[in-house]
Amino acid sequence: MISLNLNKVINRPLVVLCLGCHADDIEIGCGGTILRLVEEQNGCKFHWVVFSAIGERKAEAQQAAKLFAGPERLDRLQLNEFRDGFMPYMAVDVKETFEKLKEISPDIIFTHNRNDAHQDHRLISDLTWSTFRNHLILEYEIPKYDGDLGQPSFFIPLEPAHFENKVKFLLEAFKSQSSKRWFQRETFLALMRLRGMECNSPSGYAEAFYARKVMI
Ligand SMILES: [Zn+2]
């Protein structure tokens, strides 16, 4: 299968918008891809927006964004304080936050999946699509108790430096999550291993996305 090469698509540094509901969503969903972009895309810049990062989770999100993107590549690190689990009931304020993001015109947007079982995740996915009308949007997946994994169509193969560092940084930055049974190295590696198998990744590992609309 031939691969699309982002280097050949535009001749200026890539602008990436990362949207995540909760403090660790971006990193779980597309952390390996971010590490790969940082390595391969000279001068790429990130706009990093988290909707619920409160108290210690705010500090963790701050640390993680710097570990994954690097401080010099973060054009925006916006950590909002919407209440976890209640976002659909505060949708007007969340929508206002999106309205202000219209000043950015990113080349790639990473966001939640439209069919995610978490109500906050679905809201952020819906508002991503209604805010950005002429952009490449890739929806990442978050493994969870509810069991909502599907059949993504867009794969980004990862080298060991990407998937190993993703897991290392996740465990290092989000210490408040360490008591959760699922927040473990094995969970993160297992999903990337399955997606790697599905796309025949040379390393065996990949991240996968739902790409509802892609133009080539
Ligand atoms: Zn979340």
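**Exercise 1.** How are the donor residues of the zinc ion spaced in sequence? Identify them and classify the arrangement.

*Solution.* The model is predicted, so local features need pLDDT of at least 70 and side-chain atom pairs count only at pLDDT 80 or more, while totals for chains, interfaces and linings use all residues. Residues are numbered from 1 along each chain as its sequence is written, and side-chain values use heavy atoms, with hydrogens and water left out.

Step 1. Donors are N, O and S atoms within 2.8 Å of the metal (3.2 Å for Na, K and Ca); water is not among the atoms, so sites may look incomplete. The protein donors of the zinc ion are H22 (ND1), D25 (OD), D25 (OD) and H121 (NE2), at 2.0 to 2.5 Å.

Step 2. The spacing of these residues reads H-x2-D-x95-H. D25 belongs to helix 1 (residues 25-40) and H121 to helix 4 (residues 119-131), so the pair ties together parts that are 96 residues apart in sequence. Helices here are DSSP runs of H or I with at least four residues, strands are runs of E with at least two, and both are numbered from the N terminus.

Step 3. Four donors count as tetrahedral if all angles lie between 85 and 135 degrees; four count as square planar and six as octahedral if opposite donors are over 155 degrees apart and all others between 65 and 115; anything else is irregular. The angles subtended by the four donor atoms are 55 to 136°, which makes the arrangement irregular.

**Exercise 2.** Are D25 and H121 buried or exposed?

*Solution.* Buried means under 20% relative accessible area, exposed over 50%, and partly exposed in between (1.4 Å probe, protein chains only). D25 has 3% relative accessibility and counts as buried. H121, with 2%, is also buried.

**Exercise 3.** Which strands does strand 2 pair with, and how do they run?

*Solution.* Two strands pair if DSSP finds at least two bridges between them.

Step 1. Strand 1 (residues 15-22) and strand 2 run parallel and are joined by seven bridges. L19 has V49 in strand 2 as its bridge partner. Right-handed means that, with the strands pointing away from the viewer, the path from the first strand over the helix to the second runs clockwise.

Step 2. Strand 2 and strand 3 (residues 74-79) also run parallel, with five bridges. H47 is bridged to R76 in strand 3. The chain crosses through helix 2 (residues 56-68), and this β-α-β crossover is right-handed.
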